[in-house]
Amino acid sequence: MAQIQPRKPRRRAVRYGVPVAVAGVAAATVGLVPALASTGDPDLPKITAEDLVAKVAASDVDQLSGTVRVKTDLGLPSLPGGGGSGGFGGGAHGSGSADGVEGKAGQQDASPGKKLSELASGEHLLRFAADGPDKQRVSIMEDAAEYSLVHSGRDLWAYDSGSNAAWHAEAPEGGGRGKHDGPAGPDAVTPQKAAKQLLKNLDSSTSVAVDGTAKVAGRDAYQLVVKPKGANDSTIESVRIAVDADKGLPLRFTVHPKKGGDPAIDVAYTKVDFGKPDASSFTFRPPKDAEVTEAKPDRKSDGDRRAPKGPGGLSGLELLGGSAGDWGKVATFDSGMPGGPGGGKSGGDKRAEELLDNFTDKVKGDFGTGRVFSTRLVNALMTEDGQVYVGAVTKEGLVKAADEHVGAE
């Protein structure tokens, strides 16, 4: 799916950029430390970490269906009047969208960027099916509604039953058969997508070991543990991946923060079937009375072509190096909000400043002044000139990255 740069509002881009950055920064590259699987239940042949990583890379499972449980606990605060994630019932939305849609007042928004961002908190149950790279479907089940994202060939459909709203995008010709770029495909919320992204590039900043076995969705699995090495600014303690012993398919992906407690991210199959899904799973036509929104094609201006784009279509996004390979990487972009949160140096609204004081920390550095918004896994710094730095790194790591970025300009 082509990524379309959001026009407005900028505040919304920053808000939804945090969950998107979790996936991008947590997908740090890793290095190899061969280790033997410890005795566990089930009893499986011993395997080295190197061979297990190779097994994941060679996994060619194209056909499967099953249910996926997503549990996310980033420690995001509830903001007064923020609306929260709500349900999937929709409602009136203002103009602007992270998926290339310029909405109108009162228009229902079924675009996948917004809906998938709701998975950034709480527990959700999903149904997933795939029949090759061109046919995929995921349905997010809620108490009173269902949200489905269906990829079939060049078409990508989304449908929200709660608001009877649909969204459609078509892959451009010449972009590869059925190719949809971007983080909002149906497989974006599966353990195998997260694990393969994490393991696709390996470097010496990470240790990898096999740590026992497990049963996941009734399948025998090896447990692969990935950790950053040495002293670093990463907020991640470890990532644990349960790998199907027969198929090599990651069945569970769990991120443990250094702050301890429950996993910050836990994505796992609860049921899985490797048979061919019914063809009807990948056909979709919106109901006759549904409100359908067509995504706008990605027609870049000359200025847009000069500006690199990152996750979510953010213009001018850069990735800065970190203290421990990609574990310490920080994404930075211009939010388009000079003065930063709270109105900048002039003070802004006093009540807004007091509210910001409750859930952000003021920081100073060579970059000037700014505020850090913290979760258990991801931290974000916005400077007084509107530059944003975000990553799975500590507050001190963000300040260091901002100082180095300013010094390099």
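This is a predicted model: local features need pLDDT of at least 70, side-chain atom pairs count only at pLDDT 80 or more; totals for chains, interfaces and linings use all residues.
In the hairpin of β9 and β10, five residues lie between the strands, and G248 takes a positive phi near 75° there. Around it you will find a protein of 409 residues, of which 49% are buried. Its secondary structure comes to seven helices and 17 strands.

**The hairpin and its neighbours**

- Strand β9 covers residues 236–244 and strand β10 covers residues 250–257; the two pair in the antiparallel sense over seven bridges.
- To follow the pairing by eye, find S238, which stands opposite H256 in β10.
- Another pair to look for is R240, whose bridge partner in β10 is T254.
- On to β8: this strand and β9 also run antiparallel, and six bridges join them.
- Within that pairing, L224 has I241 of β9 standing opposite.
- Is β9 mostly covered or mostly open? It is mostly covered, with seven of its nine residues buried.
- As background, the side chains of a regular strand alternate between the two faces of the sheet.

**The sheet as a whole**

- Twelve strands make up an open sheet with mixed pairing, in the order β7-β8-β9-β10-β11-β1-β2-β3-β4-β5-β6-β12.
- Which strands sit at the edges? They are β7 (206–216) and β12 (291–294), and each of them pairs on one side only.
- Neighbouring strands in this sheet are turned against each other by 15° on average, with direction ignored.

**Helices on the sheet**

- Helix α2 lies across β7, β8 (219–228), β9 and β10, and it runs at about 70° to β7.
- Helix α4 (residues 191–199) packs on the sheet too, where it touches β1 (63–72), β2 (122–131), β8, β9, β10 and β11 (265–273).
- The direction of α4 makes about 65° with that of β10.

**The nonpolar cores**

- In soluble globular proteins, nonpolar side chains tend to be buried together.
- The largest nonpolar core in this model has 64 residues.
- Which residues have the most contacts inside that core? They are L64, L126, L224, V239, I241 and L377.
- Strand β9 gives the largest share of this core, five residues.

**Rings and a charge**

- A pair of aromatic rings is described by two things, the distance of the centres and the angle of the planes.
- How many aromatic pairs are there? The count comes to two.
- One of them is formed by W157 and F284; the pair is tilted, with 5.4 Å centre to centre and 55° between the planes.
- W157 lies in strand β5 (residues 155–160) and F284 in the loop between β11 and β12, so this pair ties together parts that are 127 residues apart in sequence.
- W157 counts as buried because its relative accessible area is 16%, which is under the 20% cut-off.
- Y159 and F284 also form a tilted pair, 5.7 Å centre to centre with 40° between the planes.
- Since Y159 lies in strand β5 and F284 in the loop between β11 and β12, this pair ties together parts that are 125 residues apart in sequence.
- Y159 and F284 are both buried.
- Put together, the ring pairs link W157, Y159 and F284 into a cluster.
- For a charge meeting a ring, look at K247: its charged end sits over the ring of F274, 5.3 Å from the ring centre.

- Among contacts between residues at least 6 apart in sequence, 62% join residues at least 24 apart.
- D43 and D220 give you a case to check: they are 177 residues apart in sequence, yet 8.7 Å apart in space, C-alpha to C-alpha.
- Where is D43? Its place is in the loop between α1 (10–26) and α2 (49–58).
- Is D43 buried or exposed? D43 counts as exposed because its relative accessibility is 67%, which is over the 50% cut-off.

How values were computed. Residues are numbered from 1 along each chain as its sequence is written. Side-chain values use heavy atoms; hydrogens and water are left out. Helices (H or I, at least four residues) and strands (E, at least two) are DSSP runs, numbered from the N terminus. Buried means under 20% relative accessible area, exposed over 50%, partly exposed in between (1.4 Å probe, protein chains only). Two strands pair if DSSP finds at least two bridges between them. Axes are lines fitted to C-alpha atoms, for helices over the stretch in contact, and angles run from 0 to 180 degrees between N-to-C directions. Contact means heavy atoms within 4.5 Å. Rings of Phe, Tyr and Trp (its six-membered ring) pair if their centres lie within 6.5 Å; planes under 30 degrees apart count as stacked, over 60 as edge-to-face and the rest as tilted. A charge sits over a ring if NZ of Lys or CZ of Arg is within 6 Å of the ring centre and within 35 degrees of the ring normal. A nonpolar core is a set of buried Ala, Val, Leu, Ile, Met, Phe, Trp, Tyr and Cys residues joined through side-chain atoms within 4.5 Å.
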